[in-house]
Amino acid sequence: MKQLIHLFTIFFKIGLFTIGGGLAMIPLIKRAVVDDNKWLTEDEMTDCIALAQSMPGVIAVNTATYIGNKKRGVWGAFFATLGVVLPSFIIIILVVLFLDTIGENRYIDGALTGVKAASCALIVVASYSLGKQILKGVFPWVLAVASFVAIAIFDITAVWAIIAGAVLGCIYQAVKGRGETQ
Amino acid sequence: MILYVSLFLMFFQIGLFGFGGGYAMLPLIFQNIQQFGYMGAQEFADLVAISQVTPGPIAVNAATYVGFKTAGYLGAFSATFGVVLPAFTLMIIVSRFIEHFKESAIIKGIFIGVRPVTVGLIASAAVFLGQAALMVPGAGINIIAAGIFGLTILFAGKFKMSPITITIIMGAAGAILCS
């Protein structure tokens, strides 16, 4: 029980203090899990991050589930995940309640306008730097451009783009694998 | 009751197909909340902005926000539970087979195909968000927002400033300039 509470507390703190989404949490998780508590070795942590990023879902939740499960089975996974999710859950509800209470306020509307425009630009930059890292060769370029055109211009459900990417990736891998063995 | 179930199912689907982290999940969230008529583009932009300045994973913030706005505390719970459940279940199953998983050709294939798609997804998120963040309905481009957009590209892209610092500066700039 003590260890379950410990898992919960550590992930609660990580959930509470990282602004900017799941990827920003990874260095903090690594410090808590590898350096402070020695639950995982450096190599196991690398595996965990690779797995968390290649599986669907919230990356921070994937990581918390994996570590909790490794440490204390399903209950460990449950407490770690609850810990990482709870701060967001509470804070978002408080923010919505607060914004509803004050109603229309020109300073807050102005700040939101600024943050919205900045967020949009940060997403453009994120897409550019991820693209620079991933888009090497014709195949990934075609997939990225095709999915952008399908989703942003033709408003095709993003799920189809993801399924198409997965299927085409498997075909590509199979064809490439056959080419290498011949 | 139907509302809670549909919130749960909607976010379960988002959690199940949301590869590539928070930004890449935004188009899924946007398309779903529009399709079900829960929110429009303006409120989606508010939700992204609030997620950006509050702690925690963006998809969890989004689920709680949409759930709470449409159906109160139980709605927030249903949506958040939905977005977390696929990841939770899949990770427990997969972590038993991690060695097998690292070698699997199918997993490699999925990874090779889905990673480039996430670039397209994140770029689409920018387009969806931009419509509400940079335009005034019926009046064209919001000049101040466009200026903040341009400066952020410069600060983040060229000078590699931290996203949090930029967000705080631009929030303050918006509060002063737009009020």
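Residues are numbered from 1 along each chain as its sequence is written, and chains are lettered from A, with ligands numbered from 1, in the order in which they are written. Because the model is predicted, local features need pLDDT of at least 70 and side-chain atom pairs count only at pLDDT 80 or more, while totals for chains, interfaces and linings use all residues.

**Stop 1: chain A.** Select chain A and colour it by secondary structure. There are seven helices and zero strands; helices (H or I, at least four residues) and strands (E, at least two) are DSSP runs, numbered from the N terminus. Along the sequence the pattern reads α-α-α-α-α-α-α. Along the principal axes, the C-alpha atoms of chain A fill a box of roughly 60 × 50 × 25 Å. The radius of gyration of chain A, taken over C-alpha atoms, is 21 Å, whereas a compact globule of 182 residues would have one near 16 Å. That rule is 2.2 Å times the number of residues to the power 0.38. Of the 182 residues in chain A, 43% count as buried. A residue is buried if 20 or more other C-beta atoms lie within 10 Å of its own, exposed if 12 or fewer, and partly exposed in between, with C-beta atoms placed from the backbone.

**Stop 2: where the chains touch.** Show both chains.

**Stop 3: chain B, domains.** Colour residues 2-120 as domain 1 and 134-179 as domain 2; these bounds come from an automatic or database domain assignment. The C-alpha centres of the two domains lie 26 Å apart.

**Stop 4: chain B, helix 1.** Select residues 2-17 of chain B. Buried residues in helix 1 of chain B include L7(B), F8(B), F11(B) and I14(B).

**Stop 5: G147(B).** G147(B) is in helix 7 (residues 143-158) of chain B. G147(B) counts as partly exposed because it has 15 C-beta neighbours inside 10 Å. Finally, select L134(B): from G147(B) it is 13 residues away in sequence and 9.4 Å away in space, C-alpha to C-alpha.

Technical notes: Expected span 1.5 Å × (residues − 1).
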